[in-house]
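User: I'm new to reading protein structures. Can you walk me through how to look at holes and helix packing?

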Amino acid sequence: EFFRKRRESAEYNKRKKLLPMTNLISYESLEAYEFMKDSYAGIDTKGKTLYLPNGYDNNIIDKIKVKTLEEKENIILTVGRLGTEAKNTELLLETLKEIDLKDWKVYLVGSIDKSFISYKEKFFKENPSLINKIIFTGEIKEREELYKYYNRAKVFVLPSKWESFGIVMVEAMAFGNYVITSNTCAAKDITNNNEVGKIVEINSKKELEEEIAKVISGKVNLKEKYEKILNYVSNFKYSNLIEKLGE
């Protein structure tokens, strides 16, 4: 339906031809699976569809001692291609400047889009008190080094305008991070319908501000969430997903 609306007829027809040749079709989100498990592009797909969420590679993470909540720091973390339209970094910064961060710090990990550099410089020029509170680390390619940030943080925020799945969120959850995310694809699956995280509306500065403020003020019981997150995130452990795919 998407391709037909976009008049991408060549792509639509290509998929129609590919479907009968396909043995197995997997969907990353439960919502997509429920919507399309029996047919796609008007073609019957009963019996060859599977709900298979994306996941985190646990080869390295399983070897890391995850810090207890008490050992963690008051850090809010985000990871991604900062400054790109999809990641909505501007919204995050505009939200943070309205909040009293108290003893919390915010780390933004990832490459910075060239178009965002001037905005970033202007932001800190206008908000000099936040220079030591909001920290851009740059891109971290070494996984073990990146995971140190996940392990230090208590909260992970991703206010994207769109996401295919958001693997960084389940990576963060593997370290017990409480996730605040916009209502993108698989957000319900990742947060277990707001049970182990919180979904806010896309582009809603008000909702994002409210949820971050709740964390800082202690209105969110991070200790209670921490245990639930670590139990729930096994659903996204890649070794478990591979077993399901193998079956």
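Analyst: Happy to. Let's begin with residue classes: Ala, Val, Leu, Ile, Met, Phe, Trp, Tyr, Cys and Pro count as nonpolar, Asp, Glu, Lys and Arg as charged, and the others, Gly among them, as polar. Keep in mind that this is a predicted model.

User: Okay, how do those classes divide in the lining of the largest cavity?

Analyst: You get six nonpolar, three polar and one charged. The cavity's volume is about 50 Å³, and its lining includes Thr78, Val79, Leu92 and Lys87. Strand 5 (75–79) and helix 5 are the elements that each give two or more residues to that lining.

User: Now the helices. How do I describe the way helix 5 and helix 10 pack?

Analyst: Look at the angle and the distance between axes. Here the angle is about 55 degrees, and the axes are 9 Å apart. Angles from 65 to 115 degrees would be roughly perpendicular and those under 35 roughly parallel, so helix 5 and helix 10 are oblique to each other. Their crossing is right-handed.

User: Which residues make the contact?

Analyst: Helix 5 brings Leu91, Leu92, Glu94, Thr95 and Leu96, while helix 10 brings Lys205, Leu208, Glu209 and Ile212. By class, that's five nonpolar, one polar and three charged.

How values were computed
Residues numbered from 1 in each chain as written. Predicted model: local features only at pLDDT ≥ 70, side-chain atom pairs only at ≥ 80, totals over all residues. Heavy atoms only, no water. Axes fitted to C-alpha atoms, helices over the stretch in contact; angles between N-to-C directions. Helix = DSSP H or I, 4+ residues; strand = E, 2+ residues; numbered from the N terminus. Parallel < 35°, antiparallel > 145°, perpendicular 65-115°, else oblique. Left-handed = near helix turned anticlockwise from the far one by under 90°. Contact = heavy atoms within 4.5 Å. 1 Å grid on protein atoms, 1.4 Å probe; cavity = no way out; pocket = protein on both sides within 12 Å on 5 of 7 lines; lining within 4 Å. Points joined across faces, edges and corners; volume = space filled by probe spheres on them.
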